[in-house]
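Thanks for coming. I will go through one structure today, starting with its charged pairs and then turning to its ligand.

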Amino acid sequence: MGFSAIDYEGELFSCFAFHAALVILKVLLMVPLTARQRFAKAVFSNAEDARLHPKGKVSLVDPDVERVRRAHLNDLENIPFFVLIGWFYLMTNPSLVIAKNMFRLFTVCRYLHTFVYAVVPLPQPARGIAFFGAFLVIVVMTVSVLLAAF
Ligand SMILES: N[C@@H](CCC(=O)N[C@@H](CS)C(=O)NCC(=O)O)C(=O)O
């Protein structure tokens, strides 16, 4: 199968770059989301931060703050792999339609994962479905890269 050069002026690369930027932006948005929750609950992880709020206290176990932190961590366990393996996947000469729809599925699922985990917590399997939709995209791209490398 093998690899081919990426067409940086082509539709596939711009679609990938667009979705990679969207999901990286989503990770960056976890910073204000965490800060919002910390100030709402007046809960901080360091004494010097707690002094920023009149009722601030130090706690590493607040359930609402920890929920946002787990959502952030889960992003970090998945989104960097999408960007990395996606780059190799572009070199496997994939079908334009399949690749574009996989990038879209990944982005939608990761935004939904954050929404149902850290914005409006919903019962399972909402988060599980969002997680596995995005996870499937990473698995398919990884297997495609392995097959191309053989
Ligand atoms: N590090 C994850 C690995 C498994 C995973 O990512 N599961 C998804 C679907 S249930 C999830 O949203 N886990 C919650 C989390 O990472 O906090 C965990 O501890 O749960």
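**Salt bridges and the ligand shell**

Asp75 and Arg110 are both buried. This is a predicted model, so please keep that in mind throughout. The two residues form a salt bridge, with their closest N and O atoms 2.9 Å apart. Asp75 sits in helix 3 and Arg110 in helix 4, so this pair links distant parts of the chain, 35 residues apart. Lys26 belongs here too: Lys26, Asp75 and Arg110 are linked in a network of salt bridges.

A word of background. Side chains of opposite charge can pair when their charged atoms come close.

How many salt bridges does the structure hold? There are 6. One of them joins the side chains of Asp62 and Lys41, at 2.9 Å from N to O. Asp62 lies in the loop between strand 2 (57-58) and helix 3, while Lys41 is in helix 1 (residues 11-41), so the pair ties together parts that are 21 residues apart in sequence. Is Asp62 buried or exposed? Asp62 is buried, because its relative accessible area is 10%, and the limit for buried is under 20%. Lys41, at 28%, is partly exposed.

Another salt bridge connects the side chains of Glu66 and Arg69, at 3.4 Å from N to O. Here both partners lie in helix 3, 3 residues apart, which is about one turn of the helix. Arg69 is partly exposed, with a relative accessible area of 41%.

Now the ligand. Which residues are around the ligand? They are Arg70, Asn74, Glu77, His113, Tyr117, Gln124, Arg127 and Phe131. By class, this shell has 2 nonpolar, 3 polar and 3 charged residues.

On its own, the ligand has 440 Å² of accessible area, and the protein covers 58% of that.

Which elements give two or more residues to the shell? They are helix 3 (63-90), helix 4 (96-119) and helix 5 (126-149). Helix 3 provides the largest share, 3 residues. Helix 3 is also where Asp75 sits, the residue paired with Arg110 in helix 4.

Terms used. Residues numbered from 1 in each chain as written. Predicted model: local features only at pLDDT ≥ 70, side-chain atom pairs only at ≥ 80, totals over all residues. Heavy atoms only, no water. Near = heavy atom within 4 Å. Areas by Shrake-Rupley, 256 points an atom, 1.4 Å probe, with all protein chains shown as cover. Helix = DSSP H or I, 4+ residues; strand = E, 2+ residues; numbered from the N terminus. Nonpolar A, V, L, I, M, F, W, Y, C, P; charged D, E, K, R; others polar. Salt bridge = Lys/Arg side-chain N within 4 Å of Asp/Glu carboxyl O. Buried < 20%, exposed > 50% of the residue type's maximum accessible area, 1.4 Å probe, protein only.
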